[in-house]
Amino acid sequence: MSTSTNEKKYANWSDSYGNAEWLINDRFGLFIHFGLYTPAARHEWVMTHEKIHPKMYRKYFEYFEPDLFDAKEWARTTKAAGMKYFVITTKHHEGFALWDTKLSDYKVTNTPIKRDLLREVIDAFREEGLKVGLYHSLIDWHHPEFTIDGLHPQRDDEDFKKENTDRDMNKYLEFMHGQVRELLTDYGKIDYMWFDFSYPHRDWGWSKGKGAIDWQSEQLEKIVLDLQPDILINDRLDLNRGVITPEQYQPSEPVEKDGLPVIWEACQTMNGTWGYHRDNLDWKSTDTLLKMLIDTVSKSGNFLLNVGPNGRGEFDYHSIDRLEAIGEWMRLHSRSIYEAKHSNYKAPIDCRYTQKGNRLYLHIYSWPFRHIHLEGLAGKVNYAQLLNDASEVYFREFDPEEVITSTETKIDVNSVVLDLPVQKPDVMVPVVELFLKN
Ligand code: FHN
């Protein structure tokens with residue numbers, strides 16, 4: 001069991017989990033949702049949203065043939081976007097295995113594509129130098145021993161429920177734990193395990209939600225750590241530890257608990273659904289996605305941005321356009337993101353600070369006319385430059401004794417005032433790099 005150096009520094013960490021410094025430094029990852037819900041093309045919860053019987057849902061298995069799937073292309077696109085790690089769905093709630101599992105016939109190698117797509121993805125992304133994360137659903141709406149509850153597709157099918165009253169969750173857990181064991185044994189070093197999700201608080205009267213006891217989460221966690229001692233685990237085993245994973249939500253400030261910082265990662269979609277959804281046109285602009293990334297890092301968080309590849313196995317053009325544009329911004333500005341975290345200085349309105357040692361990065365969301373006042377930085381800045389072209393940015397400070405002319409009113413003598421060009425630099429979010437005095 002590895003002794004992580006993180007547990008003394010972070011509130012939500014366990015001394016048996018791996019060292020999370022790589023995750024904290026990498027900051028930016030890709031989430032991939034890819035399964036039988038992909039060709040259904042209307043949300044990864046389609047099976048339960050439409051209460052589809054497993055026999056009816058089987059058509060997506062029988063016609064699953066992402067013939068244009070190219071893991072190397074996915075990996076190249078992801079790396080070019082500036083992402084340093086990825087998390088891919090090995091099995092989502094539908095129960096379909098994206099790898100050649102020996103424990104079930106409900107797997108990708110039995111579909112028309114006949115290939116272990118997970119292995120191809122892991123190999124290609126590892127080849128590009130990205131860290132490997134595996135998403136695994138604790139929930140399974142296909143397995144015959146998974147007990148039916150208020151989220152299950154057959155929750156309102158009284159005949160189905162009557163026929164399935166003798167389901168044995170222990171048999172399901174033997175299967176589920178066994179598949180996790182397979183994933184952490186047969187695919188090399190896995191850096192991050194992303195379980196999904198626990199809902200012990202839910203109660204439908206006739207059934208209750210499932211949490212750590214139902215999953216035997218302590219035992220599952222032990223299996224994971226015995227097989228991959230350096231691995232990181234997220235917080236969805238209902239064990240009150242692991243990477244905190246706010247979803248489709250941006251916290252208002254750095255996340256802390258009991259006076260200690262928390263390791264956290266916001267996961268976000270590009271268009272509102274995780275799996276490919278042909279008709280969901282609610283695409284966030286690239287500008288919004290980039291500002292969410294910056295905002296997350298300005299609060300010492302990680303940003304896990306999702307792509308739901310389509311039924312041919314490709315990232316659709318909406319996703320590619322956004323990833324390429326963010327990648328171009330990252331090409332010039334990534335040093336304000338990687339290994340950066342929040343600053344204790346208060347950022348000006350419409351700006352975010354990130355900081356890395358004595359370099360403070362001012363991300364300007366709305367380009368002002370000529371000046372920005374940096375509160376509390378008087379006497380602390382050696383030099384300033386626009387990060388995109390390393391052009392110097394002139395800044396002024398004001399001596400309390402100095403007579404302030406009538407054209408300059410209410411100057412805060414504790415501030416530094418930046419003199420910015422009238423024209424906004426031709427980048428999505430301009431960044432001023434401030435070199436602070438030691
Ligand atoms: O139900 C899943 C959902 O489909 C998706 O996988 C997200 C991603 O974090 N997790 C669950 C909802 O919280």
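Helix 6 (residues 117-127) has Leu-117, Leu-118, Val-121, Ile-122, Ala-124 and Phe-125 buried, where buried means under 20% relative accessible area, exposed over 50%, and partly exposed in between (1.4 Å probe, protein chains only). Helices (H or I, at least four residues) and strands (E, at least two) are DSSP runs, numbered from the N terminus. The model is predicted: local features need pLDDT of at least 70, side-chain atom pairs count only at pLDDT 80 or more, and totals for chains, interfaces and linings use all residues. Residues are numbered from 1 along each chain as its sequence is written, and side-chain values use heavy atoms, with hydrogens and water left out.

The buried residues of helix 6 pack against strand 1 (28-32), helix 5 (71-80), strand 2 (85-91), strand 3 (131-137) and helix 8; contact here means heavy atoms within 4.5 Å. Gly-129, with a positive phi near 90°, follows helix 6.

**Two loop residues**

Asn-164 sits in the loop between helix 7 (158-163) and helix 8 (169-186). With a relative accessible area of 19%, Asn-164 is buried. A polar atom of its side chain lies 2.6 Å from the backbone oxygen of Phe-160.

Val-243 belongs to the loop between strand 5 (232-233) and strand 6 (256-257), and counts as buried at 0% relative accessibility. Leaving aside neighbours within four places in sequence, Val-243 is in contact with Asn-12, Trp-13, Leu-23, Tyr-192, Ile-233, Asn-234, Asp-235, Ile-263, Trp-264 and Glu-265. Val-243 and Ala-20 are 223 residues apart along the chain, and 9.0 Å separates their C-alpha atoms.

**Salt bridges**

Side chains of opposite charge can pair when their charged atoms come close. The structure holds 28 salt bridges, each being a side-chain nitrogen of Lys or Arg within 4 Å of a carboxyl oxygen of Asp or Glu.

| Glu-247 | Arg-236 | 2.8 Å |

In the pair of Glu-247 and Arg-236, both residues lie in the loop between strand 5 and strand 6, eleven residues apart. Glu-247 is partly exposed, with a relative accessible area of 37%, whereas Arg-236 is buried at 12%.

Asp-295 is buried, with a relative accessible area of 6%. Asp-295 lies in helix 11 and Arg-352 in strand 10 (residues 351-356), so this pair ties together parts that are 57 residues apart in sequence. Lys-299 counts as buried at 10% relative accessibility, and Arg-352 as partly exposed at 24%.

Elsewhere, Asp-100, Lys-102 and Lys-107 are linked in a network of salt bridges.

**Domains and their interface**

The domain assignment of the chain gives domain 1 (3-336) and domain 2 (351-436); such bounds come from an automatic or database domain assignment. Taken over C-alpha atoms, the centres of domain 1 and domain 2 are 40 Å apart.

In the interface, 15 residues of domain 1 are in contact with 16 residues of domain 2. The two domains bury about 1,400 Å² between them, 62% of it on carbon and sulfur atoms. Buried area is the accessible area (1.4 Å probe) that two parts lose on being put together, summed over both.

Two salt bridges are counted between domain 1 and domain 2. The rule also finds eight residue pairs in polar contact across this interface, both residues at pLDDT 80 or more. A polar contact is a pair of N or O atoms within 3.5 Å; within protein, one must be able to donate a hydrogen and the other to accept it, and residues adjacent in sequence count only if both atoms are side-chain atoms.

On the side of domain 1 that touches domain 2, helix 11 (286-297) and helix 12 (317-333) each supply at least two residues. Helix 11 gives the most to this side, with seven residues. The residues of this side divide into seven nonpolar, four polar and four charged. Here Ala, Val, Leu, Ile, Met, Phe, Trp, Tyr, Cys and Pro count as nonpolar, Asp, Glu, Lys and Arg as charged, and the others, Gly among them, as polar.
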